[in-house]
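Hello,

Here is the structure I promised to pass on. My notes follow below it.

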Amino acid sequence: ADRGSGDSHSALRVFAAASLTATFTELADVYEQENPGTTVELNFAGSSDLVSQIQEGAPADVIATADEPNMTRLTDEDLLAEAPQVFVTNSLTIAVAPGNPLGISGLSDLAAEDITTVVCAVQVPCGTASAQLLDRAGVEVSPVSEENAVTGVLSKVATGQADAGLVYTTDAAAEGSGVQAVDLPESASVLNRYPISALQAAADPEAAAEFVDFILADSARGVFDEAGFGVP
Amino acid sequence: MSRGQGHPRKPEGTVPASEQAPAAEQASAAKQAPPSEQASAADLRVFAEVPERDVAADLTVPAGTILGLVGPNGVGKSTVLQVISGLLIPAAGEVSVGARILTRVPRDAGARRVFVPPHRRGVSQLLQDPALFPSMTARDNVAFGLRAAGLRKAAARDRASELLADMGIAQLADRKPHQMSGGQQARTAIARAVAAGPDVILLDEPFAAVDAEAVAEFRETVRRALAGHTVVLVSHQAGDLWALCDHIAVMSRGRIAQTGSVDAVLGDPSSQFVRRLLG
Amino acid sequence: MSRGQGHPRKPEGTVPASEQAPAAEQASAAKQAPPSEQASAADLRVFAEVPERDVAADLTVPAGTILGLVGPNGVGKSTVLQVISGLLIPAAGEVSVGARILTRVPRDAGARRVFVPPHRRGVSQLLQDPALFPSMTARDNVAFGLRAAGLRKAAARDRASELLADMGIAQLADRKPHQMSGGQQARTAIARAVAAGPDVILLDEPFAAVDAEAVAEFRETVRRALAGHTVVLVSHQAGDLWALCDHIAVMSRGRIAQTGSVDAVLGDPSSQFVRRLLG
Amino acid sequence: MRSSQTYQPGVPAWLIPIAVVAAAVVLLPLVGMLARLPMGQFLSLITSVPSLEALRLSLITASSAAVLCVLLGVPLAVTLVRIEFPGRQLARAFVLLPLVLPPVVGGLALLYTFGRRGVVGAPLSAVGIDIAFSTIAVVLAQIFVSMPFVVITIESALLSMGTKYEIAAASLGASPWRSLLMVTVPSLMPAILSGGILAFARSLGEFGATITFAGSLQGVTRTLPLEIYLQREADPDAAIALSVLLVLIAVVIVASVYRLPARYRGLRP
Amino acid sequence: MRSSQTYQPGVPAWLIPIAVVAAAVVLLPLVGMLARLPMGQFLSLITSVPSLEALRLSLITASSAAVLCVLLGVPLAVTLVRIEFPGRQLARAFVLLPLVLPPVVGGLALLYTFGRRGVVGAPLSAVGIDIAFSTIAVVLAQIFVSMPFVVITIESALLSMGTKYEIAAASLGASPWRSLLMVTVPSLMPAILSGGILAFARSLGEFGATITFAGSLQGVTRTLPLEIYLQREADPDAAIALSVLLVLIAVVIVASVYRLPARYRGLRP
Ligand SMILES: Nc1ncnc2c1ncn2[C@@H]1O[C@H](COP(=O)(O)OP(=O)(O)OP(=O)(O)O)[C@@H](O)[C@H]1O
Ligand SMILES: Nc1ncnc2c1ncn2[C@@H]1O[C@H](COP(=O)(O)OP(=O)(O)OP(=O)(O)O)[C@@H](O)[C@H]1O
Ligand code: MOO
Ligand SMILES: [Mg+2]
Ligand SMILES: [Mg+2]
């Protein structure tokens, strides 16, 4: 499967947020089967990296980010072919060690002195959401670390370094993540929204638009559901 | 050089058991070593086979005397000194000072070896390439061995200054080696080698870069500095040998071809080499 | 050494304009230089002030002759050689071979300086520390200068082997320097210095580590190798001077104290140094 | 009969416990990682097509980067040490900066420069040459982060080597280039090897600058560290397995190239 | 009158264009980054409280890490070069591995080892010592990634130094430790300085291992690179401003410490 040609005319280049790695890889296979002759080249990185790359002229056809503010940077520079559309949402959950040995059942438990909690920093999407959630619940926690990315929170909990952390449902649900999720009914109130759009500079605008439709279509739903994403 | 204050001696300490050969072995080793006419308690005895360099030499230096070791380039003079100082472990051989065995490598590969590392031998060596420490001043170079022998910093520096003065370079004490001429470096190296004044002193062509006038002057100084020590001196200059040595050993093809008193060897030379040496 | 095939000469090429002093300047410079009795087209003239080393020397070596430079340690002999070969730029001074100016540093700081880098001087030097290239065999060390002078690889290696044979170490051609004895290294260095045979050859105590017998043998070989070249030889051995040199210059306190033919200087020495040199 | 041996200068005994502590700081975490290795699936995890493609790409790019770093870095180090020019001190400090810059920032800087809108990238793009997001971009990112290692290693070797042999070469009529090739470079070989190995290792592990500047396209720019990063999102076990693979490959290559150079040990006995 | 000068061996002229290209690879991206610097807000961006706290933390941890790397790395390098033991070749290769490991993976490995449930961390935690999420963890992560630089730099210096002076020291009766302190270490000074500077620079830029192992808390573990990453998510301009600050600080420190050591140049003339 050598797709090393680098020829953007024979392939569709999809830039996707790292948290979409599993789902988009699976969906790309499906898409390739449904559209023989088309190959999908996936470029995964953090959303803000992807946006910077596209701003600097990266040859992308489609972009899907993990939050709306980053996508707005592209809208502002008029680099999108159309208005971005939200295709999935993600909500927060408390990740704890498997078996929940400390019996953490809700946000208020995170305020306890002897519970080591890790969250995302407010500067990143999951941190904004976490802050809102805690704010609304009226819980004040003093985390030992404010991480740059969800994966940081997840690995701190998975390695036993921290007792609890606020992460996305999809991250906690991922196979082999090594954590257990504590459901938070109130998390539905703060949703993180994932937008997707074809790019103005797409080599084949039609194919790009087609792929966006494919992601938005019901047929893709199953894959997202299974991963724990919500319906926008 | 004032002898009044005496040389700082390295405290000999006790010899570790592993270095001390049992009496029986020692007796058999003595058979290998060449018989010396006037064996004393602290004679230096060397027997060394270094086949890679075609060297198989044995010699005895009576305690407190100066032996001149002469012979053509590549004959093995430096090799013998290296074996004595422990810089080279021979394929077979033995080095001892009196009863103390410094190196013992029996021919039988399974037999027990003795090797005292260079810094615990009580042997000081001026290498043919003197390798003055580049980051130290002349004074600190000379003080180095004194400090290693246990002298306090101030005392070592004072003694080093004295020695440099003896070598006629008192004014260069604060120079680094690369700021000195070739002969000045050689003088520093001589001072460094004789400074600590251990039992055995090995000098490999110490005067090669020293000017003729100075050599003539130094001979007396150096003779006094070496008095009482057991010394092996390598030199290509007949003048050095006449002035400094008690005995001469002439090497030829890796072997000791002739030994005897200075008068006997230089006066009635049986080798062509000695005839040429004398011009 | 067979003279039949002659020395490979470095192609002199043209001297860049910046190195060629205008005639007017040259004339005034000539006034500074000491008057030489029998000035010829290619005489080597040196005038060098190195105040940091208390050296202020001037001397002339007639083309094709060998000058012996003698004096006590630290007097400035190596310094003078370094100025000639371009390894040291004096505070003031001038070096020329015939009309070709190699170094010119006028006293007037604003005036134009001339400096030909060492490798374009046609001067080959055996340094007091010979610095044999550690990664090369003896043969490659000797071939190095020949290759630099433009000889093909095979020819250079053949010539190098010949020179090593002349120095009595043919069998060591494939050894690295650290596998050779001190005297063997010195012999290699002599071969390396005379190999390319440029106009001017500078030798700083070449025989210091060579045994007396070999020196006696070499003198003829070296004399032949040096014949026709302009040579400055530093040595502390009167024998070398008698056997090799045409003229002698005696240095004292950084100055040239006495010059003349070998017979004149060594035969009727006015300096204490020369008396001592002769023993 | 045995052969003779030259004395090897000893090392004070108390040095060894310190060395062991130092080694432990580096080695313990590797052991910790190995302890988490899912042994059963190890083989299947590392032989998947994406893993093998990433491995191939990593080896090709890292060795190209190491070679280019040496070819460029040696002249740079020699120039910085041996030629006097105003601002030399500053230039030496600047060359170290890729080390200080967090790799992603370095990647951004590369993007700003060689990207399609960049100072250098824009004119190149105009004539049809696009560097970013190609394998060339991967190598460029690796060179950027690895160059300081080569330069510093060579600089310090040049300084401790001194100019003695080069002066001897000049006094024998050798031009600067002959002296460089025949005298300087052979003496620098241990340092060139060390520098090259450092550059190779650093390039092999390079992640941040690559993903930012070159992107993460399977077979084109997705090197092993990028694959590990991706796997970590989906399957942490696979990430560990791939990390162990990376470590094994590095050990094999480094240990085979980076031997204690017995033939150099004789250089200055 | 002028003073005399010793000849400095020349460098072939064609080396210089290569050196310029090499320098350009490193310097151009810095220029590219500077070009994007929001000049107007620069001062206000870098003097915010979080920025200054991150800067302070970075300077403290990176210099501690550099010092510890030297104290541990020099004995390790000396042991690896001068003592023969079985597996030495392999040990030398393993010491390089932190370089190969993508820093985030290195951070994970540290977690597995020194974390609360780690091989070393668990017993420590049992007696009340928790390393993770503390400033000590930051320094540990920096030591882990920086140690190879010190070890390799010292190794290559030891190899090109040879044992000549140590042998002379032994022949004058100096014990191994006296020889080490008085002879070996002074000769190693340029390499120790280079290695220390490399370790400092690498520690200053360390991101991946730190965030994975130590986390990111203002004033405790959030060093400048972590702050930069965070700012990048919200305000790319601020990230560039901070990166430029990091670069400036590094240049000032490195250029003032890392001078061409005139006094060492004389060591082997
Ligand atoms: N690099 C240097 N820096 C400062 N002074 C130096 C330097 N090299 C030599 N000198 C000094 O300059 C003077 C002249 O040295 P030079 O090497 O020319 O002496 P020399 O006549 O060759 O002596 P020798 O017979 O010992 O080789 C000496 O007093 C020496 O101390
Ligand atoms: N490291 C080495 N490896 C191999 N051979 C060596 C080594 N060092 C010396 N040799 C050889 O061993 C022989 C004896 O060398 P040694 O240095 O003992 O001679 P020497 O008598 O001191 O000569 P010189 O008067 O030239 O100093 C020489 O032929 C030399 O080539
Ligand atoms: O990698 Mo993201 O952009 O934080 O989901
Ligand atoms: Mg010898
Ligand atoms: Mg001299």
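**Notes on the model**

At 5% relative accessibility, D:Gly208 counts as buried (buried means under 20% relative accessible area, exposed over 50%, partly exposed in between, with a 1.4 Å probe and protein chains only). D:Gly208 sits in helix 11 (residues 208-213) of chain D. Helices (H or I, at least four residues) and strands (E, at least two) are DSSP runs, numbered from the N terminus. D:Gly107 is 101 residues away from D:Gly208 in sequence, yet the two C-alpha atoms are 6.8 Å apart.

This is a predicted model: local features need pLDDT of at least 70, side-chain atom pairs count only at pLDDT 80 or more, and totals for chains, interfaces and linings use all residues. Residues are numbered from 1 along each chain as its sequence is written, chains are lettered from A and ligands numbered from 1 in the order in which they are written, and side-chain values use heavy atoms, with hydrogens and water left out.

Ligand 1 has 19 residues around it (a residue is near a molecule or strand if one of its heavy atoms lies within 4 Å of it). The closest are B:Arg175, B:Ser181, B:Gly183, B:Gln184 and C:Thr79. Chains B and C both contribute residues, so the site is shared between chains. By class, the shell has 2 nonpolar, 13 polar and 4 charged residues. Here Ala, Val, Leu, Ile, Met, Phe, Trp, Tyr, Cys and Pro count as nonpolar, Asp, Glu, Lys and Arg as charged, and the others, Gly among them, as polar. Helix 5 (182-195) of chain B and helix 2 (77-85) of chain C each supply at least two residues of this shell.

Now the polar contacts (pairs of N or O atoms within 3.5 Å; within protein, one must be able to donate a hydrogen and the other to accept it, and residues adjacent in sequence count only if both atoms are side-chain atoms). A polar side-chain atom of C:Lys77 is 2.7 Å from an oxygen atom of ligand 1. A nitrogen atom of ligand 1 lies 3.1 Å from a polar backbone atom of B:His178. An oxygen atom of ligand 1 lies 3.3 Å from a polar backbone atom of C:Val75. On its own, ligand 1 has 640 Å² of accessible area, and the protein covers 87% of it. Accessible areas come from the Shrake-Rupley method with a 1.4 Å probe; for residues, only the protein chains shown count as cover.

Ligand 2 also has 19 residues around it, and B:Thr79, C:Arg175, C:Ser181, C:Gly183 and C:Gln184 come nearest. Its site is shared between chains, because residues from chains B and C surround it. A nitrogen atom of ligand 2 is 3.1 Å from a polar backbone atom of C:His178. A polar side-chain atom of C:Ser181 is 2.6 Å from an oxygen atom of ligand 2. Taken alone, ligand 2 exposes 630 Å², and the protein buries 87% of that. The shell divides into 2 nonpolar, 13 polar and 4 charged residues.

**Ligand 3**

Around ligand 3 are A:Ala17, A:Ala18, A:Ser19, A:Gly46, A:Ser47 and A:Ala66. A polar side-chain atom of A:Ser19 lies 2.6 Å from an oxygen atom of the ligand. For A:Ser47, a polar side-chain atom lies 2.3 Å from an oxygen atom of ligand 3.

**Salt bridges**

The count comes to 35 salt bridges over all chains (a side-chain nitrogen of Lys or Arg within 4 Å of a carboxyl oxygen of Asp or Glu). E:Lys164 pairs with B:Asp129, the closest N and O atoms being 3.1 Å apart. This pair crosses between chains, from helix 9 (residues 164-171) of chain E to the loop between strand 8 (123-126) and helix 3 (138-148) of chain B. E:Lys164 is partly exposed at 22% relative accessible area, and B:Asp129 is partly exposed at 43%. D:Lys164 and C:Asp129 also form a salt bridge (3.1 Å, N to O).

Within chain E, the side chains of E:Arg82 and E:Glu166 meet at 2.4 Å, N to O. E:Arg82 lies in helix 3 (residues 49-82) and E:Glu166 in helix 9, so the pair ties together parts 84 residues apart in sequence. Both E:Arg82 and E:Glu166 are buried. A salt-bridge network links A:Glu56, A:Glu77, D:Arg117 and E:Arg36.

**Backbone**

B:Asp54 has a positive phi of about 55 degrees although it is not a glycine. B:Asp54 is exposed, with a relative accessible area of 58%.

Best wishes
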